[in-house]
Amino acid sequence: MAAPPLPSTIVVTGAGRGIGRAVALDLAARTQATLLLVSRTDTCAATAAACSERRAGAAVAFPWDLAQWSSRERDFQERSHVVRGGSR
């Protein structure tokens with residue numbers, strides 16, 4: 001049985017290093033999904049750049065601590081909506 005298709009937008013947490021970075025780079029190589037990369041370190045910008053080099057799809061860095069989600073949720077929704085090509 002074939003694997004189900006991946007969504008058009010994927011959020012990767014911990015994307016600045018380690019397993020999160022490896023997952024982001026693997027997805028960049030295998031999909032055209034828009035990647036929304038979240039990490040509490042500034043290194044997620046470097047991961048986004050590396051992902052962009054591997055593909056045509058968008059990879060956007062959000063250098064945030066998700067423990068403070070309530071203060072970031074609106075900005076995340078607005079930025080991710082624009083990245084995906086939507087209009088409000």
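What share of the contacts in the protein chain with a separation of 6 or more comes from residues 24 or more positions apart? These residues account for 51% of such contacts, a contact being heavy atoms within 4.5 Å.

This is a predicted model, in which local features need pLDDT of at least 70, side-chain atom pairs count only at pLDDT 80 or more, and totals for chains, interfaces and linings use all residues. Residues are numbered from 1 along each chain as its sequence is written, and side-chain values use heavy atoms, with hydrogens and water left out.

**Figure 1. The elements of the protein chain.** The secondary structure comes to three helices and three strands. Helices (H or I, at least four residues) and strands (E, at least two) are DSSP runs, numbered from the N terminus. From the N terminus on, the order is β-α-β-α-β-α. Of the 88 residues in the protein chain, 36% are buried. Buried means under 20% relative accessible area, exposed means over 50%, and partly exposed lies in between (1.4 Å probe, protein chains only).

**Figure 2. Strand E2 and its partners.** Two strands pair if DSSP finds at least two bridges between them. Strand E1 (residues 9-13) and E2 run parallel, joined by five bridges. Between them the chain passes through helix H1 (residues 18-30), and this β-α-β crossover is right-handed. Right-handed means that, with the strands pointing away from the viewer, the path from the first strand over the helix to the second runs clockwise. E2 also runs parallel to strand E3 (residues 59-62), with four bridges joining the two. Thr13 has Val38 as its bridge partner in E2. Val38 in turn stands opposite Phe62 in E3. Leu37 has Ala61 as its bridge partner in E3.

**Figure 3. Inside strand E2.** Why is E2 (residues 34-38) largely enclosed by the rest of the structure? Five of its five residues are buried, so the rest of the structure largely encloses it. Thr34, Leu36 and Val38 point one way. Leu35 and Leu37 point the other way.

Figure 4. Side chains alternate along E1. Ile10 and Val12 point to one face and are buried. Thr9 counts as partly exposed because its relative accessibility is 22%. Ser8 lies in the segment before E1. With 59% relative accessibility, Ser8 counts as exposed. Leaving aside neighbours within four places in sequence, Ser8 is in contact with Ala33 and Thr34. Ser8 and Thr31 are 23 residues apart in sequence and 8.8 Å apart in space, C-alpha to C-alpha.

**Figure 5. Strand E3 and Val60.** Ala59 and Ala61 point one way from E3, Val60 and Phe62 point the other way, and all are buried. Val60 counts as buried because its relative accessibility is 15%. Val60 and Leu37 are 23 residues apart along the chain, and their C-alpha atoms are separated by 5.9 Å.

**Figure 6. Thr47 in helix H2.** Is Thr47 buried or exposed? Its relative accessibility is 0%, so Thr47 counts as buried. Thr47 is found in helix H2 (residues 44-53). Not counting residues up to four places away in sequence, Thr47 touches Ala15, Gly16, Arg21, Ala24, Leu25 and Leu37.

Figure 7. Rolling a probe the size of a water molecule over the atoms shows where empty space is left. On a 1 Å grid over the protein atoms alone, with a 1.4 Å probe, a pocket is an open set of points with protein on both sides within 12 Å along at least five of seven lines. Lining residues have an atom within 4 Å of a point. The largest pocket holds about 160 Å³ of space. Grid points are joined across faces, edges and corners, and a volume is the space filled by probe spheres set on the points. Thr13, Gly14, Arg17, Val38, Ser39, Arg40, Thr41, Trp64, Asp65, Leu66 and Ala67 line the largest pocket. Four lining residues are nonpolar, four polar and three charged. Ala, Val, Leu, Ile, Met, Phe, Trp, Tyr, Cys and Pro count as nonpolar, Asp, Glu, Lys and Arg as charged, and the others, Gly among them, as polar.
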